Amino acid sequence: TTKDPAVPHRMLFIDDAHIESQREVKRKIRPADKHHVAVLEPDRPWECNSAYLYGTVLRDDGDGWRMWYQTYDQNARHQYAIAYATSDDLIHWQKPALGHYSWGYRTDTNMVFGGNRWAASPSVIDHGPQVDPERRFAMLYWDAAGPEIDARLADSSLAASERWKEIPHSQHGTCIAWAEDGFNWTPDEKNPILQFIKRDNDVTG
């Protein structure tokens, strides 16, 4: 039985957090079966051989699945961008031509967001239809934000790999964007909501 009446009827009991009592039962965890081939591969020119799930997979409003994943193009204005795919079985994924985000002269892409200069490691949350419709979907991602960003990145003499170093640490970090449909994202005006802090022993900065 569950000790929390607000918990949905069906749950995945990974631990005992929502179990009030149990008798004559034992948890047995079976090893996962790995699919023999990749289910998502970079087969679009704007993916530039990089389509990987620093991202999120969620149920849609029906029986299908939605994925937000990351692409990488070191020569693009938005080096990291977020693309979208759908599936009925989690094995076969489709990349719809949404027309929300262009790549060069191509408008038939499945990309949905590029941030200010990049958008990396998206984590999407679906709050459901009971919230403000314009903020049903929230996405946390890594980006640069702040009033000096455009000026610091306007120098075309800088290689794309060097542009990150030209941004003050206080102006990049974890950001948040909102959407009604999961496609049309609006960055929050207060970004970054969690600033990056440079430390002497930081090997990733």
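Is Tyr84 buried or exposed? At 5% relative accessibility, Tyr84 counts as buried, where buried means under 20% relative accessible area, exposed over 50%, and partly exposed in between (1.4 Å probe, protein chains only). Here are some notes to read alongside the model.

1. A word on the ground rules. This is a predicted model, so local features need pLDDT of at least 70 and side-chain atom pairs count only at pLDDT 80 or more, while totals for chains, interfaces and linings use all residues. Residues are numbered from 1 along each chain as its sequence is written, and side-chain values use heavy atoms, with hydrogens and water left out.

2. Tyr84 and its partner. Trp68 and Tyr84 form an edge-to-face aromatic pair, 5.6 Å centre to centre with 65° between the planes. For this term, rings of Phe, Tyr and Trp (its six-membered ring) pair if their centres lie within 6.5 Å; planes under 30 degrees apart count as stacked, over 60 as edge-to-face and the rest as tilted. Trp68 lies in strand S2 (residues 65-72) and Tyr84 in strand S3 (residues 80-87), so the pair ties together parts that are 16 residues apart in sequence. Strands (E, at least two residues) are DSSP runs, numbered from the N terminus. Trp68 counts as buried, at 0% relative accessibility.

3. Ring pairs join Trp68, Tyr84, Phe137 and Phe183 into a cluster. Arg66 lies over the face of one of these rings, that of Phe183, at 5.3 Å from the ring centre. A charge sits over a ring if NZ of Lys or CZ of Arg is within 6 Å of the ring centre and within 35 degrees of the ring normal. The whole structure holds 7 aromatic pairs. Among them are Tyr52 and Tyr54, with ring centres 5.3 Å apart and planes at 85°, so this pair is edge-to-face. Tyr52 is partly exposed at 26% relative accessibility, and Tyr54 is exposed at 51%.

4. Asp188 and Trp178. Have a look at the loop between strand S9 (186-187) and strand S10 (194-195), where Asp188 lies. Asp188 is buried, with a relative accessible area of 17%. Its side chain makes a polar contact with the side chain of Trp178 at 3.1 Å; such a contact is a pair of N or O atoms within 3.5 Å, and within protein one must be able to donate a hydrogen and the other to accept it, with residues adjacent in sequence counting only if both atoms are side-chain atoms. Leaving aside neighbours within four places in sequence, Asp188 is in contact (heavy atoms within 4.5 Å) with Arg135, Ile176, Ala177 and Trp178. Arg135 also lies over the face of Trp178, at 4.2 Å from the ring centre.

5. The salt-bridge network. The count comes to 7 salt bridges, each a side-chain nitrogen of Lys or Arg within 4 Å of a carboxyl oxygen of Asp or Glu. Asp43, Arg44, Glu47 and Lys95 are linked in a network. In it, Asp43 meets Arg44 at 2.9 Å and Lys95 at 2.8 Å, N to O. Asp43 lies in the segment before strand S1 (51-59) and Lys95 in the loop between strand S4 (93-94) and strand S5 (111-113), so the pair ties together parts that are 52 residues apart in sequence. Lys95 is buried at 12% relative accessibility.

6. One more bridge. Asp61 forms a salt bridge with Arg136, with the closest N and O atoms 2.8 Å apart. Asp61 is exposed at 67% relative accessibility, whereas Arg136 is buried at 13%.

Methods. Helix = DSSP H or I, 4+ residues; strand = E, 2+ residues; numbered from the N terminus.
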